[in-house]
Amino acid sequence: MAQRSDKKNSRSRKAAVTPLAVEAMERAWNLETVPESSREAMAHAYLMAARAGRMEAMTNVALHLEHGDGIRQDVPEAMRWMRKAAGLGDDVAAFNLALCYEKGKGPSGRPNLRLAERWYRRSLALGFPPARANLATVLAKSPRGARMKEAIALFLADVRRGDLKNLRYVAECFELGRGVRKNLKRAIQLYKQAAEAGDAGAQCVLGWMCLGGVGGPVDLLGAFKWYQLSAKQGDASALYSLGGMYLDGEGAPKSKARAIQCFKKAAEQGHAKSMASLKALGVEV
């Protein structure tokens, strides 16, 4: 859930600003700055400010209600306050409301992606950048090609802004032709960008591509390099593949001991193929 970090500078647009609302909000802000303040007092202060018409307080009391933080948990009431604040122009409230619908916290008790999409769009339109990736994730769940295409465009917009957390997913879409025209060269470029940013999954994929000669000649040294980087982050698939390279002496110094070490680390994560390899080598799992 997103919460405002600078509440005093939040936009209030259509929200009523009465002396009572100002006083109630000041009380809530003051409690936020006092370490020993009780959560009950803080939740009550935000509730009073919300009832007095302060948009920011509506968003924050909604979070207290959703999580039962200092107040009895009441998710429907939390969503009511989110909806009211979002209607007044609060981008964070719209985002949190979308999250609730995506996670199935609405009246039906099941995820409602249609309403989640609606409120993510509203949040993004009001100027909350994190809503972009969430909206893209919702759109990507649709079987309709046009929606997948929009999802990829949104993810790429985040990439251009320096947010790389979904870059591997976009690379996979270009590799498989999901929502975009299949383009292996572009996919490899994106995998490399993600891998160089530290994405263990992308590093493992590049190791597999180098080992199998996907998109170019077989590159055993490249495979070893990418698998090592991924394995250092604990990726089970990379550990298994790295173990195989050590076991066969393929692109790496042959070493049964190092192979077993890799297989064991992967097996500890429940990696089935690593467990089978250990058994084949006579090592107890």
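**View 1. Helices H3 and H4 side by side.** Helix H3 (residues 55-67) packs on helix H4 (residues 75-87) at an angle of about 160 degrees, and their axes lie 8 Å apart. Here axes are lines fitted to C-alpha atoms, for helices over the stretch in contact, with angles from 0 to 180 degrees between N-to-C directions. The pair is therefore roughly antiparallel (over 145 degrees; under 35 is roughly parallel, 65 to 115 roughly perpendicular, and the rest oblique). Met55, Met58, Thr59, Val61, Ala62, Leu65 and Glu66 of H3 meet Val75, Glu77, Ala78, Trp81, Met82, Lys84 and Ala85 of H4, where contact means heavy atoms within 4.5 Å. Sorted by type, the contact residues are 10 nonpolar, one polar and three charged (Ala, Val, Leu, Ile, Met, Phe, Trp, Tyr, Cys and Pro count as nonpolar, Asp, Glu, Lys and Arg as charged, and the others, Gly among them, as polar).

This is a predicted model: local features need pLDDT of at least 70, side-chain atom pairs count only at pLDDT 80 or more, and totals for chains, interfaces and linings use all residues. Residues are numbered from 1 along each chain as its sequence is written, and side-chain values use heavy atoms, leaving out hydrogens and water.

**View 2. H4 again, now with H5.** H4 and helix H5 (residues 91-102) pack at about 140 degrees, with their axes 8 Å apart. That angle makes H4 oblique to H5. On the H4 side, the contact uses Met79, Met82, Arg83, Ala85 and Ala86, and H5 brings Ala93, Ala94, Asn96, Leu97, Cys100 and Tyr101. The tally is nine nonpolar, one polar and one charged.

**View 3. The largest nonpolar core.** This core has 89 residues, of which Tyr46, Trp81, Tyr120, Ile152 and Phe174 touch the most other members. A nonpolar core is a set of buried Ala, Val, Leu, Ile, Met, Phe, Trp, Tyr and Cys residues joined through side-chain atoms within 4.5 Å. H5 gives the most to this core, nine residues. Leaving aside residues up to four places away in sequence, Tyr120 touches Phe95, Ala98, Leu99, Glu102, Ala131, Asn134, Leu135 and Val138.

View 4. Gln203 sits in helix H11 (residues 200-212). Its relative accessibility is 4%, so Gln203 counts as buried (under 20% relative accessible area; exposed is over 50%, partly exposed in between, with a 1.4 Å probe and protein chains only). Not counting residues up to four places away in sequence, Gln203 touches Ala195, Gly198, Trp226, Leu229, Ser230 and Gln233.

Technical notes
Helix = DSSP H or I, 4+ residues; strand = E, 2+ residues; numbered from the N terminus.
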